[in-house]
Amino acid sequence: MCFLPLVAAAVSAPRIPLRLLGRGLAAAMSTSEPLKSVDYEVFGRVQGVCFRMYTEDEAKKIGVVGWVKNTSKGTVTGQVQGPEDKVNSMKSWLSKIGSPSSRIDRTEFSNEKAISKLEYSNFSIRY
């Protein structure tokens, strides 16, 4: 087995300065990029299919902050904040992909606005 691609990937991987590691995702995000905040509600088969867990994982992969929770009416709601391009990636995921067992009928976005700073330090599941 050849390990050369793995070594090359490790060498070229981006490094986060140590001073930023303890300060969380919000501190690591560049403040020079325009930040955006948007609320969302996802309709369809989105409860009982690990939708919140997958949403949290995807948000952390993309690099956005905010929250997600189930509602009493069978939907999932939340808020996403971060650089505009990353928020747009998360909006696309919430509209088209979701968890493997989910079925997204529609996703409504509201209160979309530019923000000067992030209100959250990570992405979490609310209960």
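How many of the eight residues of strand S3 (residues 76–83) are buried? That was my opening entry for this predicted model.

**Strand S3**

I went through S3 residue by residue and found eight of the eight buried, so the strand is largely enclosed by the rest of the structure. Next I looked up its partners. Strand S1 (residues 35–45) pairs with S3 in the antiparallel sense, over eight bridges.

I then checked the turn. The hairpin of S2 and S3 has five residues between the strands, and Gly-74 takes a positive phi near 85° there.

**Helix H5**

I moved on to helix H5 (residues 84–96). H5 has 13 residues and spans 18 Å from first C-alpha to last, close to the 18 Å expected at 1.5 Å a residue. Which residues of H5 are buried? I listed Val-87, Met-90, Lys-91, Trp-93 and Leu-94. They cover an arc of only 160° around the axis, which puts them on the same side of H5. A reminder to myself: an α-helix has 3.6 residues a turn, so residues three or four places apart point the same way.

What do the buried residues of H5 pack against? I found S1, H4, S3 and strand S4 (103–115). Just after H5 I noted another glycine, Gly-98, with a positive phi of about 65°.

**Rings**

I searched for aromatic pairs, and the count came to one. Phe-51 and Trp-93 form this pair; their ring centres are 5.9 Å apart, and with 45° between the planes the arrangement is tilted. The pair links distant parts of the chain, since Phe-51 sits in helix H4 (residues 51–62) and Trp-93 in H5, 42 residues apart. Are these two buried or exposed? Both Phe-51 and Trp-93 turned out to be buried.

Last, I looked for charges over rings. Lys-91, already on my list of buried H5 residues, lies over the face of Phe-109, at 5.0 Å from the ring centre. I also logged Arg-106, whose charged end sits over the ring of Phe-43, 3.8 Å from its centre.

Methods: Residues are numbered from 1 along each chain as its sequence is written. This is a predicted model: local features need pLDDT of at least 70, side-chain atom pairs count only at pLDDT 80 or more; totals for chains, interfaces and linings use all residues. Side-chain values use heavy atoms; hydrogens and water are left out. Rings of Phe, Tyr and Trp (its six-membered ring) pair if their centres lie within 6.5 Å; planes under 30 degrees apart count as stacked, over 60 as edge-to-face and the rest as tilted. Helices (H or I, at least four residues) and strands (E, at least two) are DSSP runs, numbered from the N terminus. Buried means under 20% relative accessible area, exposed over 50%, partly exposed in between (1.4 Å probe, protein chains only). A charge sits over a ring if NZ of Lys or CZ of Arg is within 6 Å of the ring centre and within 35 degrees of the ring normal. Two strands pair if DSSP finds at least two bridges between them. The expected span of a helix is 1.5 Å times one less than its number of residues. The arc is that of the directions from the helix axis to the C-beta atoms. Contact means heavy atoms within 4.5 Å.
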